[in-house]
Amino acid sequence: MKKINSWVNAARLRTLPLSISGILVGSTIAAQQGYFSLGIFSLALATTLGLQVLSNFANDYGDGVKGTDNDERIGPQRAIQSGLITHSEMKSGIILTSIITFILAICLIYASFGSENFLYSLVFIGLGVASIIAAIKYTVGNSAYGYRGLGDIFVFIFFGIVAVFGSFFLYVNDLDWAVLMPAAAIGFLSAGVLNLNNMRDRVPDEKSGKITLAVKLGEKGAKAYHYFLIIGAILLMAVYSALVFEAWDDIVFYIAFIPLVLHLKRVMQNESPALLDPELKVLALSTFALSLLFGLGQVF
């Protein structure tokens with residue numbers, strides 16, 4: 001039971017609501033336009049959750065091997081850091097999760113395109129492979145891009161643009177460039193969660209050689225960047241809702257702007273990195289609430 005709990009903790013369940021936010025937004029926009037499939041929706045959710053868990057396992061492994069997860073780190077103790085899961089066990093977990101996620105991605109692609117639209121299938125298979133590689137290479141290996149301040153780009157692309165715009169395309173099989181606005185908004189909020197994590201760990205990360213964007217920007221710069229991400233997301237969602245407005249329930253998700261603004265105020269006033277840790281949950285759940293309320297407004 002202890003080992004099972006260790007794997008559950010390594011999966012970081014508190015990050016999972018954030019990861020499905022993009023799927024909710026993309027799927028409900030498609031549903032509002034008359035396109036929806038429970039099979040595609042279920043497989044898209046499963047694939048995204050697999051990618052998120054894979055990313056969490058790889059992050060635990062990469063930081064554990066490099067010694068970045070040490071006693072100076074402020075956040076919850078990681079699985080490898082605590083010794084509850086060995087390096088070899090985590091490596092096996094990464095391989096197994098990669099295989100399962102890839103199989104789910106193939107099933108999703110087939111459910112969307114069938115045996116037709118071969119070019120579309122190839123493109124999405126490429127995106128699936130790229131997503132898996134990117135999730136692993138964030139902290140694993142000598143060329144880990146998360147140690148060079150590039151992690152935010154991965155999060156923005158795969159948990160924002162690909163999750164929202166990609167899931168929308170899986171239903172519709174066509175482009176709607178306006179969907180890039182909510183896609184970018186969810187990407188900004190997802191990057192905000194990563195930035196918050198990196199702000200919390202900025203000092204120990206710099207000491208251990210993990211050069212995140214927060215390390216590069218410094219405390220004031222990271223706060224300004226966070227301000228840009230949250231306000232940018234709010235503005236993008238507001239503009240999109242104005243463009244597609246049909247009824248007042250289309251903007252019910254504005255309610256979620258309240259916890260986002262309050263969160264931003266607390267982060268801007270923060271002087272203790274340790275107090276940023278609970279804000280991770282606040283931002284992740286606020287993003288999920290925004291996505292859920294947005295989706296309800298689209299569907300009903």
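**Helix packing and cavities**

Modeller: Helix H6 (residues 118-137) packs with helix H7 (residues 151-172) at an angle of about 155 degrees, and their axes are 12 Å apart. Helices here are DSSP runs of H or I with at least four residues, numbered from the N terminus. Axes are lines fitted to C-alpha atoms over the stretch in contact, and angles run from 0 to 180 degrees between N-to-C directions.

Colleague: What should I know about the model and its numbering?

Modeller: This is a predicted model, where local features need pLDDT of at least 70 and side-chain atom pairs count only at pLDDT 80 or more, while totals for chains, interfaces and linings use all residues. Residues are numbered from 1 along each chain as its sequence is written, and side-chain values use heavy atoms, with hydrogens and water left out.

Colleague: Back to H6 and H7: are they roughly parallel or antiparallel?

Modeller: H6 and H7 are roughly antiparallel, a term for angles over 145 degrees. Their crossing is left-handed, which is the case if the near helix is turned anticlockwise from the far one by less than a right angle.

Colleague: Which residues in H6 and H7 meet?

Modeller: From H6 there are Tyr 120, Phe 124, Leu 127, Ala 130, Ser 131, Ala 134 and Ala 135, and they meet Phe 154, Phe 158, Val 162, Gly 166, Phe 169 and Leu 170 in H7. Contact means heavy atoms within 4.5 Å. By class, this contact has 11 nonpolar, two polar and no charged residues. Ala, Val, Leu, Ile, Met, Phe, Trp, Tyr, Cys and Pro count as nonpolar, Asp, Glu, Lys and Arg as charged, and the others, Gly among them, as polar.

Colleague: And how do H3 and H5 cross?

Modeller: The axes of helix H3 (residues 38-66) and helix H5 (residues 87-113) come within 8 Å, crossing at roughly 160 degrees. That makes H3 roughly antiparallel to H5, and the crossing is left-handed. The contact divides into 18 nonpolar, nine polar and two charged residues.

Colleague: Switching topic, how many cavities of 30 Å³ or more are there?

Modeller: Two. A cavity is a set of points on a 1 Å grid over the protein atoms alone where a 1.4 Å probe fits but cannot get out; a pocket is an open set with protein on both sides within 12 Å along at least five of seven lines, and lining residues have an atom within 4 Å of a point. The largest cavity holds about 330 Å³ of space. Grid points are joined across faces, edges and corners, and a volume is the space filled by probe spheres set on the points.

Colleague: What lines the largest cavity?

Modeller: It is lined by 21 residues, and Thr 47, Thr 48, Leu 108, Ser 131 and Val 162 lie nearest its centre. H3, H5, H6 and H7 each supply at least two lining residues, with the largest share, seven, from H7. The lining has 14 nonpolar, seven polar and no charged residues.

Colleague: What about the second largest pocket?

Modeller: That pocket has about 150 Å³ of space. Its lining includes Tyr 120, Val 123, Ile 161 and Leu 175. H7 gives the most to this lining, with five residues.

Colleague: Last one: how are H10 and H12 set?

Modeller: The axes of helix H10 (residues 213-244) and helix H12 (residues 277-299) come within 13 Å and cross at roughly 5 degrees. H10 and H12 are therefore roughly parallel, the term for angles under 35 degrees.

Definitions and conventions: Parallel < 35°, antiparallel > 145°, perpendicular 65-115°, else oblique.
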